[in-house]
Amino acid sequence: MLLAFWPGCVLADQAFFPAKSGDAAAPVLTVYSSLDEPLAQPMIRGFQEANPDVAVRYEDMLTGEIYDRIVRETDAAGKTADFAFSSAMDLQVKLSNDGYAQVSNLPMSAAWPKWANWRNTAYALTFEPAVFVYHKPSFAHEPVPSSRAEFVDYLKRKGNAVYGRISTYDIERSGVGFLFMARDQEQFGDIWSVIGAMGAAGVKLYSTSSAILERVADGRFVLGYNILGSYAADWASRHPDVGIVLPKDYTVVMSRIGLVPQAAAEPELGRRYLAFFMSKEGQTIMARELQIPAVSPEVAGENTANTLQELLGAQLRPVPVSPGLMVYLDQVKRARLIAHWNEVLRAQ
């Protein structure tokens, strides 16, 4: 999920789920998704229990390949997926903005948060904060940084003791890491002091969440910056030495976006799947079984936007689903941000 930004062609992993009705001739819903198929199974199972007359073909691929295939298949006047689900918010919005997605007026459309709905075409379906992760035993005798200013202060105070033991995403190879950095630049005027402090502390860069969390869990790293909260929560549930902080100055929230492509072979099936994703039942499965925070205003309890917003309010800064996301698809602007990032890290 985190690796792709305009990757080359990658063959998708496919899984087929026959209709519950047993009808071998049942219509087939085709899904292109960046969510690993084993993780997606509870959602597919829930959908098929509500729609026993539908078979599902699930194609698991990188985010850039989802975009490339939909564009390529549409431009060739062919048919493409009926539903696309991706963590690459910018690429999903670009599909919508460029006419590769169709309007889906659904029962929950009017009630969906405004920031999470772009013209009833692209819908944010998850609510995933960027968090600090830390190695609990390393903070047995001092408070954990809970803001970017405290993060910088900690790195400066500890000096050589933590050199090479902090980490974040490599924004050149991680799409989510790049998105979080771009939002940091918009939200925090002094963000480059944070990047500089990480450079001075010998920050280690990785393209995946698991590479960072594994090293925090065993104590090789003491801190991880801007880590995707859904992955962090999963690791923390299985590794008691992993702690999580939602930074109190502001917490960026990203979302995985769902849409029905313009050239969908079975667009009504795509809309049925999207409607299930947005339903109370589907969002509850998302929160409880997939362990990914739900965005629906109808769903309360743990692992939901409702609960996080009640607790943290304006501290949370969701990334709006809007054409503003496409700014950093501009290759010149993207290259400029990456060059400045590398320059600040090297300078330290």
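**Figure 1. Asp75 in helix H2 of a predicted model.** Asp75 counts as exposed, because its relative accessibility is 53% (exposed means over 50% relative accessible area, buried under 20%, partly exposed in between, with a 1.4 Å probe and protein chains only). The residue lies in helix H2, residues 63–75. Helices are DSSP runs of H or I with at least four residues, strands are runs of E with at least two, and both are numbered from the N terminus. Ala263 is 188 residues away from Asp75 along the chain, yet their C-alpha atoms are separated by 9.2 Å. This is a predicted model, in which local features need pLDDT of at least 70, side-chain atom pairs count only at pLDDT 80 or more, and totals for chains, interfaces and linings use all residues. Residues are numbered from 1 along each chain as its sequence is written, and side-chain values use heavy atoms, with hydrogens and water left out.

**Figure 2. The whole chain and its confidence.** The protein chain has 12 helices and 15 strands. Its radius of gyration is 20 Å, close to the 20 Å from the globule rule for 348 residues, so the chain is as compact as a globular protein of that length. That radius is taken over C-alpha atoms, and the rule is 2.2 Å times the number of residues to the power 0.38. The C-alpha trace spans about 65 × 40 × 35 Å along its principal axes. Buried residues make up 59% of the 348. The chain averages a pLDDT of 93, and 96% of the residues score at least 70; pLDDT is the predictor's confidence in each residue, from 0 to 100. Over residues 1–10 pLDDT stays under 50. The model has 41 contacts for that stretch beyond four places in sequence (contact means heavy atoms within 4.5 Å).

**Figure 3. Leu155 and Tyr273 in the largest nonpolar core.** This core has 115 residues. A nonpolar core is a set of buried Ala, Val, Leu, Ile, Met, Phe, Trp, Tyr and Cys residues joined through side-chain atoms within 4.5 Å. Leu155 and Tyr273 are among the residues with the most contacts inside it. Leu155 is found in helix H4, residues 148–158. Leu155 is buried, with a relative accessible area of 5%. Not counting residues up to four places away in sequence, Leu155 touches Val162, Ile166, Ala197, Met198 and Ala201. Tyr273, leaving aside neighbours within four places in sequence, is in contact with Leu29, Val31, Met43, Ile44, Phe47 and Phe83. In soluble globular proteins, nonpolar side chains tend to be buried together.

**Figure 4. Asn51 paired with Arg272.** Asn51 sits in the loop between helix H1 (37–50) and strand S3 (55–60). Asn51 counts as buried, because its relative accessibility is 12%. Its side chain joins that of Arg272 in a polar contact of 2.8 Å. A polar contact is a pair of N or O atoms within 3.5 Å; within protein, one must be able to donate a hydrogen and the other to accept it, and residues adjacent in sequence count only if both atoms are side-chain atoms.

**Figure 5. Asn226 and Asn303, with positive phi.** Most residues other than glycine have a negative phi. Phi of Asn226 is near 60°, and phi of Asn303 is near 65°. Asn226 lies in strand S11, residues 223–228, and is buried at 4% relative accessible area. Asn303 is in the loop between helix H10 (280–288) and helix H11 (305–312). At 25% relative accessibility, Asn303 counts as partly exposed.
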